[in-house]
Amino acid sequence: MRAHHTVEPLYAAPQQADARDDSALLDFVEANAVTIEKEWEGPWQALVYSESEAPSIIEYGKTAREAIRAAIAIAAAKGE
């Protein structure tokens with residue numbers, strides 16, 4: 001499994017929403033300019049851009065939802 005990469009912009013984590021809920025995942029995607037990509041013969045990745053030109057968080061998962069949840073976890077761990 002790949003390690004995550006982080007940089008330091010601001011993130012808007014879903015407020016009082018459970019990241020297991022698709023609504024919370026979509027809220028995070030919309031609020032943080034997240035791109036979801038499927039790597040060729042590899043995992044899904046969530047790239048969090050927030051307000052920067054380069055992704056500030058890149059997380060991976062077997063599904064798009066897993067990748068988004070991993071990105072949310074990193075943003076939350078950073079207290080954002």
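Start at Ala46, which stands opposite Glu59 in strand 4. Strands here are DSSP E runs of at least two residues, helices are H or I runs of at least four, and both are numbered from the N terminus. On the other side of the pairing, Ile36 stands opposite Ala46 in strand 3.

A word on the model. It is predicted, so local features need pLDDT of at least 70 and side-chain atom pairs count only at pLDDT 80 or more, while totals for chains, interfaces and linings use all residues. Residues are numbered from 1 along each chain as its sequence is written, and side-chain values use heavy atoms, with hydrogens and water left out.

Now the sheet. Strand 2, residues 34-38, runs antiparallel to strand 3, with five bridges joining them. Pairing requires at least two DSSP bridges between two strands. These two strands form a hairpin with five residues between them. In that turn, Glu41 has a positive phi of about 50°. Strand 3 also pairs with strand 4, residues 57-61, again antiparallel and over five bridges.

How enclosed is strand 3? Four of its five residues, 44-48, are buried, so the rest of the structure largely encloses it. Buried means under 20% relative accessible area, with a 1.4 Å probe and protein chains only; exposed is over 50%, and partly exposed lies in between.

Next, the core. The largest nonpolar core has 13 residues. Such a core is a set of buried Ala, Val, Leu, Ile, Met, Phe, Trp, Tyr and Cys residues joined through side-chain atoms within 4.5 Å. Among those with the most contacts inside it are Phe28, Ala46, Val48 and Ala71. Helix 1 (22-31), strand 3 and helix 2 (64-77) each supply at least two residues. Helix 2 gives the most, with six.

What does Ala71 touch? Leaving out residues up to four places away in sequence, Ala71 touches Phe28, Ala46, Val48, Ile57 and Glu59. Contact means heavy atoms within 4.5 Å.

On to helix 1. Its buried residues are Ala24, Leu25, Phe28 and Val29. Just after helix 1, Ala33 takes a positive phi of about 50°.

Finally, the whole protein. Two helices and four strands run β-α-β-β-β-α from the N terminus on. Of the 80 residues, 35% count as buried.
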